[in-house]
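Thanks for asking me to look this one over. My notes follow below, point by point, with the cut-offs spelled out as they come up.

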Amino acid sequence: MTDSYILRPDPLATGLSTEVDGIDQDGNPVTTKVVHEKALTLFLNSQEVVTMMTIGDHPDLLAVGYLKNQNMLRDDDVITGIDYDDDLEVVVVRTERETNYEEKLKKKVRTSGCAQGTIFGDVMDSFEEIELPASAELKTSWLYALTKAINTTPSLYLEAGAIHGCVLCQGDKPLVYMEDVGRHNAVDKIAGWMTLNNVSPDDKIFYTTGRLTSEMVIKTVMMGIPILVSRSGFTAWGVELARQAGLTLIGRARGKRFVALAGQERITYDMDPGTADEEPERARRKGSFAAE
């Protein structure tokens, strides 16, 4: 199944994690891997937009996806260049269209995303206008295959923990897997990849390891993806927004179990859950043993 990936994590890549010495609960010496995080300041043309904390991989995808999900890049915008300076920790996206978002940048809303996600006030205006394709489908056999494939894919989480993952899928195949310290960053990287590769969202499924919050729902809808799946739980506003937008929202997807709270009409029950594999213990994330 992992052969279907176009892009996936390289947990051994230089600069993403490091080994740190410490002691355990018994006072014995231990060595453990921890993820790096670094600041990345994003400019759109000559205007500074935001400084993000990120693990530092795929700065071009993160920059373009962030701007797209914040309505700062239009569908008809032509990107003329993406310049990244690792020493300065700066990425600049350049477009043919002259841009000025001074007023927009004054209307920030902090979200519940870890590492302090941010959306801007006018994003909700666009959110309410988006129509997701009603013809999209999610077969339960696809869901079981995806959760198994994703949770057994080599990842920075399995190496070091303290990180979120998001995966763009089609049918029962995971296509693009991104990780970061903030789940909103991982989403934006996938949005950037879709934008730069002109990928249609209509038949895609979005998987995240994080909670199904309002931010996750808003970003998925802004990307035009009709189905959002998570191994974690829901927030009430996330569910409300998903129902408003016509988004299929599935949470607590672990092994053979899942709960759908919106868009259930897209689900096709084509597999007996009793025949699905249980989740491998090593792939279980923090909180997966908690009663919900």
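1. Strand β14 (residues 248-254) is joined to β15 by 4 bridges, and the two run antiparallel. Strands pair here if DSSP finds at least two bridges between them. Helices (H or I, at least four residues) and strands (E, at least two) are DSSP runs, numbered from the N terminus.

2. A word on provenance: the model is predicted, so local features need pLDDT of at least 70 and side-chain atom pairs count only at pLDDT 80 or more, while totals for chains, interfaces and linings use all residues. Residues are numbered from 1 along each chain as its sequence is written, and side-chain values use heavy atoms, with hydrogens and water left out.

3. The β14/β15 pair belongs to an open sheet of 6 strands, in the order β11-β10-β12-β13-β14-β15, with mixed pairing. Its edge strands, β11 (173-180) and β15 (257-262), each pair on one side only. On average, neighbouring strands are turned by 20° against each other, direction ignored; the axes behind that angle are lines fitted to C-alpha atoms.

4. Now the interior. Buried means under 20% relative accessible area, exposed over 50%, and partly exposed in between, with a 1.4 Å probe and protein chains only.

5. Valine 217 deserves a look: leaving aside residues up to four places away in sequence, it touches Phe127, Leu228, Gly238, Leu241, Ala242, Leu247 and Leu249, contact being heavy atoms within 4.5 Å.

6. Which residues form one aromatic cluster? Tyr144, Phe258 and Tyr269 do. Rings of Phe, Tyr and Trp (its six-membered ring) pair if their centres lie within 6.5 Å; planes under 30 degrees apart count as stacked, over 60 as edge-to-face and the rest as tilted. The rings of tyrosine 144 and phenylalanine 258 have centres 6.5 Å apart and planes at 55°, so this pair is tilted. Phenylalanine 258 and tyrosine 269 have ring centres 6.4 Å apart and planes at 20°, so that pair is stacked.

7. Finally, burial: phenylalanine 258 counts as buried at 19% relative accessibility, whereas tyrosine 269 is exposed at 62%.

Key
Axes are lines fitted to C-alpha atoms, for helices over the stretch in contact, and angles run from 0 to 180 degrees between N-to-C directions.
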